Amino acid sequence: MGRFEGKIGLVLGVANDRSIAWAISELLFAEGAELAFSHLPGPSSERRVKQLLEPYNPKVVVPVDVQKDEDLERLFSRVHEEYGRLDFVVHSVAFAPPTELRKPYLEVNRAGWHLAMDISAYSLVAVSRHAAAIMPAGGAIVTLTYYGGEKVVPGYNLMGVCKAALEHSVRYLAWDLGRRNIRINAISAGPVRTLSSAGISGFDEMREHTARKSCLGRNVEAKELASTALFLLSDLSSGITGEVLHVDCGFSIVGL
């Protein structure tokens, strides 16, 4: 029997088979979890995600724009109607307008800043609030971040500021949710090629630098991030909340 047998989870952020959220989902499925999914609105996104999910036939697959409260309400209502509760959430959602992401942070405009912060940081707050309402016995939430939220990573620019807000949101949410037996943590992932990473200027150089400077002399793999997510979502990490756990082959501890 898998460690997640009988557990109900929600995954936000699967875009294609290279998504970190998909690597996590595959491992959760293998461990017996029942999963619900959201995907970006639009026929191309729906087609890609449903093709991935076809072998698993999940009961809930809902298009969601995380900027719209009504979309989130519809998603969580569907989960509640279908399952009656929720045990865990994987939040892997981030976006910045490509034109703003490529600018120096000094040049970012107000509209782009608000859009990126709304999707990349506030969405975790909104998702956590909805999730907590259907977690009567407690639960666990995991989100994804990157070292650019702690230190300046040239090219990461606006998204680095969004990740800083996301990481501190994890700490405040851990306080607000803790007495309800709901834990929330973040995985600070080393650079992995995904659909989102294509918009980051100098991403290949970032990967090469990380591999060269990391303790293990390589980049992290998506399956390693998935294993860490399973740990943080399971009872094995029952005493851990409000943490940002670096899974980057030791890159973040190296000073020079």
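Leaving aside residues up to four places away in sequence, Leu158 touches Ala96, Glu100, Leu101, Tyr105, Val108, Gly112, Trp113 and Ala116, where contact means heavy atoms within 4.5 Å. Leu158 belongs to helix H6; helices (H or I, at least four residues) and strands (E, at least two) are DSSP runs, numbered from the N terminus. With a relative accessible area of 0%, Leu158 is buried, a term for residues under 20% relative accessible area, while exposed means over 50% and partly exposed in between (1.4 Å probe, protein chains only). Along the chain Leu158 and Thr194 are 36 residues apart, and their C-alpha atoms are separated by 18 Å.

The model is predicted, so local features need pLDDT of at least 70 and side-chain atom pairs count only at pLDDT 80 or more, whereas totals for chains, interfaces and linings use all residues. Residues are numbered from 1 along each chain as its sequence is written, and side-chain values use heavy atoms, with hydrogens and water left out.

Helix H6 as a whole comes next. H6 has 22 residues and reaches 32 Å from its first C-alpha to its last, close to the 32 Å expected at 1.5 Å a residue; the expected span is 1.5 Å times one less than the number of residues. The buried residues of H6 include Leu158, Met159, Leu166, Val170, Leu173 and Leu177, and also Lys163 and Glu167. Among the elements covering the buried residues of H6 are helix H4 (98-101), H5 and E5.

How do H5 and H6 meet? The axes of H5 (residues 110-133) and H6 (residues 157-178) come within 9 Å and cross at roughly 20°. That makes H5 roughly parallel to H6, the term for angles under 35 degrees. Axes here are lines fitted to C-alpha atoms, for helices over the stretch in contact, and angles run from 0 to 180 degrees between N-to-C directions. The crossing is right-handed, meaning that the near helix is turned clockwise from the far one by less than a right angle. On the H5 side the contact includes Gly112, Trp113, Ala116 and Leu124, and on the H6 side Leu158, Cys162, Ala165 and Leu173. The residues of this contact divide into 16 nonpolar, 4 polar and no charged; Ala, Val, Leu, Ile, Met, Phe, Trp, Tyr, Cys and Pro count as nonpolar, Asp, Glu, Lys and Arg as charged, and the others, Gly among them, as polar.

H5 also packs with H3 (69-83), at an angle of about 30° and with the axes 10 Å apart. This crossing, too, is right-handed. Leu72, Glu73 and Phe76 of H3 make the contact with Ala126, Val127, His130 and Ala131 of H5. Here the residues divide into 5 nonpolar, 1 polar and 1 charged.

Helix H8 (residues 222-233) has 12 residues, which should span 16 Å, and its end C-alpha atoms are 16 Å apart, in agreement. Its buried residues are Leu225, Ala226, Thr228, Ala229, Leu230, Leu232 and Leu233. Helix H1 (20-30) and strand E4 (88-91) are among the elements that cover them.

The loops complete the picture. Asn57 lies between helix H2 (43-53) and strand E3 (61-63), has a positive phi of about 50° although it is not a glycine, and counts as exposed at 63% relative accessibility. Asn181, in the loop between H6 and E6, has a positive phi near 60°. Lys68, in the loop between E3 and H3, counts as partly exposed at 40% relative accessibility.

How values were computed
Parallel < 35°, antiparallel > 145°, perpendicular 65-115°, else oblique.
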